[in-house]
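Dear colleague,

I am passing on a structure that you have not worked with before, together with some notes on it. Please keep it open beside this message as you read.

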Amino acid sequence: MNYGEASPSNASSCLCPPGFGGATCAQPGCGGTIFDGSSRSLAQPSASSSGFANLTASDCACESGWGGVGCNVCTTSSACQVAYAAANGNASATSGLGGLVGLNDTMVCNTAPTVWAAGELSCQVNNPTLEALYPLQSTLNILRTLNGSLSPLHNTSGTLLSPSTSSSIYAQLMYAGVEQFFCTASPCTQTSSESTTSSSNTASSTWTCQNLSCSCIRNATFCGGVPVSNLTSTIGGLTGTLIVACDSTNTCHFQQDTINSVFGSQGLSMEGCVFGECVTQAVIDTTNATSSAAAASGGTELGGGVIAGLAVVGAIIASGLVVVAWGWYVQRTARKLPFNGGQSGGINVRWSDISYTVQSPKNSPSSLISKSTIRGGKTILNSVSGSIESGQLMAILGPSGAGKTTLVELIAGKTKSGQYTGSITFPPYAPGHHPRVAFVPQNDILPSMLTVREALTFAASLRLPEALPSSSKAALVSTVISKLGLDVIAETRIGATDGTGRGISGGEARRVSIGLELVSCPDVLVCDEPTSGLDSVSAFRVVNVLKELAREGGVAMGHQGSHGDRKGVAVICSIHQPSSRLYHTFDSVHLLSNGRALYSGPGGLAPAQYFMRMRKGGGAGADVLPYEEGYNVADYLLDIASESPDIPSMPLGNNVVGEIGLSVSSEEKADRGKDVEALSTQNLVPGMHAATFLTQLQVLCGREWKVLRRDKTLFFTHVCIACVLGIFCGGLYYQTGSTIAGFQARVGCLFFMGSLIAFSSLSALYNIVEIRPLFLRERSNWYYSPTAWLLARLIFDVIPLRIIPTIILCTLTYWMAGLAHNAVHFFKFLLVIVLYTLVMTLFNFLLGTLFRNGGIAILLSALSALYQMTYAGFFVHLASIPPVLRWLQWLCPLSYTLEAISVNEVGSGLMIKDTLQGVPVNISATLIMQLLFGFGLNNYYRDILVLFAFIVGLGVAVVAVVWLRVRERR
């Protein structure tokens with residue numbers, strides 16, 4: 001017992017730790033001193049103690065200068081000197097201690113926690129929970145051996161200080177004078193600290209030992225003597241690392257993972273400790289000199305975890321700086337490139353045999369995300385041909401469903417979901433090459449919080465080359481405003497164009513939409529029903545602006561050709577039902593009926609004359625309606641397209657088509673060829689972003705800041721709700737106690753905050769759904785990269801609407817609820833909450849971008865929050881979930897969040913102090929946490945890494961979805 005070893009000189013006897021003896025080292029010493037060795041008197045078995053040796057029943061008395069249970073702790077130096085002399089005569093205390101012979105061999109008693117060679121300590125174990133089960137006095141005796149060869153006990157007969165002369169600990173727990181169990185651990189390291197104040201000199205010592213092993217004494221009170229509280233398996237399971245920390249207040253802590261989980265992070269507290277070590281002054285002097293030299297040779301080393309963490313943080317910061325530096329370099333390089341003038345116009349448009357077919361839709365679950373189709377479909381356009389010269393304004397007429405919008409979208413190069421054949425060319429560009437074609441959609445999708453000038457400046461900053469100075473862009477914007485007649489409302493906010501908010505009128509909004517395209521200096525302008533929803537006056541004003549643009553060109557397009565003629569712009573408009581005045585504004589007309597081109601040629605009365613000649617010619621044209629003099633030609637053409645749809649299409653190459661525009665001389669054609677060569681080398685390239693990534697991010701952030709500053713409703717609503725909920729939650733759990741019910745309230749408070757964040761992040765989803773149409777329009781026109789847009793949205797959504805309200809909510813609740821009262825645990829708690837906020841924000845971003853239907857995205861987000869609440873571990877113990885469903889817990893970020901903040905809370909040393917049916921309870925909250933929720937005590941940093949992994953994974957998914965799926969598809 002007590003880890004005694006056979007004597008190498010006498011196999012029939014044992015070497016026992018100081019204070020024990022007998023054939024099996026089972027009997028504690030009774031009286032005498034530790035220098036008596038094998039000749040020391042021993043306590044005898046007692047019938048009153050069930051046959052165990054009992055120090056109390058044996059009435060053992062300590063000699064003067066010795067104390068502690070078992071009389072193993074010296075209290076005076078004279079006691080050590082007398083005991084050593086009695087056992088060893090006049091022999092020097094340094095004899096046999098190599099290297100110390102001849103030095104100061106005065107024997108002293110070290111009563112400080114620090115050990116020089118081998119020291120004893122004896123402490124009382126006072127714990128309410130333990131005393132409720134075992135009400136008599138419990139004492140723990142510990143022998144700490146740092147270097148047994150330096151102790152005067154190393155030559156004492158029958159004495160074993162440590163196995164294999166290594167550093168070690170021997171410990172015995174005595175209950176009412178009877179040994180209950182014994183432990184050993186080896187090897188060990190000692191960490192000592194000393195601080196001096198004006199009134200005292202304090203010291204502390206911490207022993208960290210490996211390979212802990214404990215054995216229970218069978219049928220002792222702790223080990224089966226009381227069957228209902230048999231601790232044999234528990235004591236036998238104490239393994240791993242042992243820490244014994246002592247300070248100058250005569251308090252020690254016996255720490256091990258299992259013990260810490262029951263009694264708290266400080267382990268089993270021991271009070272009234274007495275320390276005693278007989279040691280020569282030479283050992284103290286020599287060890288002090290060595291320790292001082294070691295301390296002077298170097299500073300404190302950083303732990304591996306700290307170094308790894310600093311390396312990761314440093315790598316992230318360095319990567320960010322590299323990206324910013326590279327973006328700055330690219331931006332500076334782009335701004336230094338030569339700019340070739342920004343000329344535009346002079347481009348014709350030809351489309352030949354255009355046919356377009358769409359697949360018929362079918363209903364399927366995948367249609368929630370994208371449009372589903374089946375084979376076979378509907379023909380929208382059927383061999384449509386036509387052309388327009390630069391400087392002309394064309395009207396595409398036809399009844400509803402004739403294919404007008406489809407044709408203008410194909411000319412504008414918009415991505416379509418169907419299949420089309422035919423060719424669209426832009427002479428004098430070679431086939432396959434495309435100029436800058438601007439497209440004004442039917443619906444005005446504008447940034448409501450910006451003024452007219454700010455919206456146009458935003459477009460100019462992103463759609464014009466970096467090489468163009470900001471002053472030139474501002475001048476270009478002013479010119480566009482002047483040309484469009486928007487000077488009066490230039491500084492007026494646009495407002496909601498759907499009528500839900502005050503702002504500019506419908507006609508003004510249409511002109512702003514046109515201006516957004518003009519600032520990019522287009523070669524061709526295509527408008528889809530620019531007069532829809534406008535009164536006749538506003539419609540005429542808009543078309544008149546388009547007429548002027550077609551004749552004079554755009555703003556920066558005022559380039560003079562070699563003959564002094566200003567290059568015009570081809571303007572194509574689909575018109576539903578123009579008035580007579582509006583109709584005669586157009587230079588040419590393209591009439592569609594059921595996807596076929598019935599006419600394509602000059603405007604005015606020319607279409608009516610064409611159909612009248614067809615009617616007189618008989619044949620298939622005999623059914624053409626007659627034209628009455630003075631009748632609106634546009635209405636007449638719509639009547640023909642609606643009531644006589646079977647008349648033949650205009651043949652390709654018909655003479656009427658050739659009469660479209662002015663004749664073009666060979667010299668002008670040569671001049672245009674030179675212009676094309678110049679256009680191909682200038683900075684504006686179709687299908688590419690004109691601005692660099694850093695510029696895109698700067699401009700987008702500028703717009704987001706203006707929107708946030710002007711529309712404070714969402715921000716202040718989040719902040720006010722966070723304050724109200726923080727006060728409510730803090731009041732609900734105000735100053736939770738350390739009872740069992742209080743611990744449940746603490747975890748409930750943490751769960752409530754996590755669930756609240758999960759639901760409050762729904763507003764991020766709504767923001768994405770609301771801004772989606774504007775993003776689709778701007779992306780389709782190559783304003784910016786989707787990555788730049790996402791980054792700007794994250795910055796101005798996460799920080800003001802997620803991080804700031806979360807910090808307010810958690811700060812109010814944390815301190816009102818009385819959670820761990822120190823800054824370290826508060827900021828660790830805040831870190832977890834912020835990471836979870838980012839996870840939920842990105843998750844809602846993913847739903848908002850993945851689903852076209854915002855209602856479905858909101859429903860899925862709410863259901864996912866309920867799923868997370870179920871698997872968070874608060875409502876159901878994770879280990880009790882059936883295996884077929886248990887794997888879902890690994891996909892639940894709230895589970896990792898609740899575990900991390902709970903571990904952080906109990907890691908502050910939280911103790912449960914309560915009374916159950918009159919029995920006092922004083923145990924660690926860690927034990928309750930593990931029993932009730934199954935959380936791992938050491939999982940905090942693992943959970944942090946998992947939340948980071950969620951952030952990275954969801955971030956990559958959002959970027960991928962935005963790049964691949966969130967694009968304009970008509």
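Gly553, which comes just after helix α11, takes a positive phi of about 85 degrees; helices here (H or I, at least four residues) and strands (E, at least two) are DSSP runs numbered from the N terminus.

Before going further, please note that this is a predicted model, in which local features need pLDDT of at least 70 and side-chain atom pairs count only at pLDDT 80 or more, while totals for chains, interfaces and linings use all residues. Residues are numbered from 1 along each chain as its sequence is written, and side-chain values use heavy atoms, with hydrogens and water left out.

Helix α11 itself covers residues 536-552, and its 17 residues reach 24 Å from the first C-alpha to the last, close to the 24 Å expected at 1.5 Å a residue (the expected span being 1.5 Å times one less than the number of residues). At the start of α11, the backbone nitrogen of Val537 has a side-chain oxygen of Asp535 within 3.0 Å. Among the residues of α11 that are buried are Val542, Val543, Leu546 and Leu549, where buried means under 20% relative accessible area, exposed over 50%, and partly exposed in between (1.4 Å probe, protein chains only). The buried residues of α11 pack against several elements, including β21 (393-397), α9 (470-483) and α10 (506-518).

Asn382 belongs to strand β20, residues 373-388, and counts as partly exposed because its relative accessibility is 38%. Leaving aside neighbours within four places in sequence, Asn382 is in contact (heavy atoms within 4.5 Å) with Ile354, Ser355, Gly595 and Arg596. Tyr420 is 38 residues from Asn382 along the chain, and their C-alpha atoms are separated by 9.6 Å.

For the protein as a whole, the secondary structure comes to 27 helices and 29 strands, and 50% of the 970 residues count as buried. Of the contacts between residues at least 6 apart in sequence, 71% join residues at least 24 apart.

How values were computed: Polar contact = N/O pair within 3.5 Å; in protein donor to acceptor, adjacent residues only side chain to side chain.
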